[in-house]
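Take a look at the model below.

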Amino acid sequence: MSWILLLFAGLLEIVWAVAMKQSAGFTRIWPTAVMGVSMIGSFGLLAMAMRTLPLGTAYVIWTGIGAVGAFLVGAIFMGEAVTPLRVLAAVLIVSGLLAMKLA
């Protein structure tokens with residue numbers, strides 16, 4: 001169950017990061033509201049997952065889901081650059097997540 005909570009916490013991290021970008025420096029009300037609600041949800045789910053998961057594992061997985069997810073959303077939906085170096089960085093992050101899970 002903790003892994004499912006952690007997965008959803010990571011997905012909400014992607015939501016709040018995208019909403020923060022869309023808020024235009026907190027000048028747009030709805031993206032700012034979405035960011036706030038998803039941020040609270042993400043932190044709450046992370047805290048619940050950390051009841052049974054090790055700190056380092058939970059935090060690395062949570063940030064990794066957010067980082068790679070934000071990269072993918074930016075590339076697919078926002079027209080951000082997809083360069084070989086950025087793809088390599090995302091692959092390295094995913095490799096680190098897998099290694100942390102296996103450890």
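Helices (H or I, at least four residues) and strands (E, at least two) are DSSP runs, numbered from the N terminus. Just after H1, alanine 24 has a positive phi of about 55 degrees. This is a predicted model: local features need pLDDT of at least 70, side-chain atom pairs count only at pLDDT 80 or more, and totals for chains, interfaces and linings use all residues. Residues are numbered from 1 along each chain as its sequence is written, and side-chain values use heavy atoms, with hydrogens and water left out.

Start with H1 itself. It covers residues 2–22, which makes 21 residues. From first C-alpha to last, H1 reaches 30 Å, close to the expected 30 Å. That expected span is 1.5 Å times one less than the number of residues.

Which residues of H1 are buried? Buried means under 20% relative accessible area, with a 1.4 Å probe and protein chains only. The buried ones are Ser2, Leu5, Leu6, Ala9, Gly10, Glu13, Ile14, Trp16 and Ala19. An α-helix has 3.6 residues a turn, so residues three or four places apart point the same way. Helix H2 (29–49) and helix H3 (55–77) are among what covers the buried residues of H1. Contact means heavy atoms within 4.5 Å.

Leucine 46 is in contact with Leu6, Ala9, Ala58 and Trp62, leaving aside neighbours within four places in sequence.

Now the loop between H1 and H2, where serine 23 is found. Serine 23 is buried, with a relative accessible area of 1%. Not counting residues up to four places away in sequence, serine 23 touches Arg28, Pro31 and Thr32.

Note on methods
Buried < 20%, exposed > 50% of the residue type's maximum accessible area, 1.4 Å probe, protein only.
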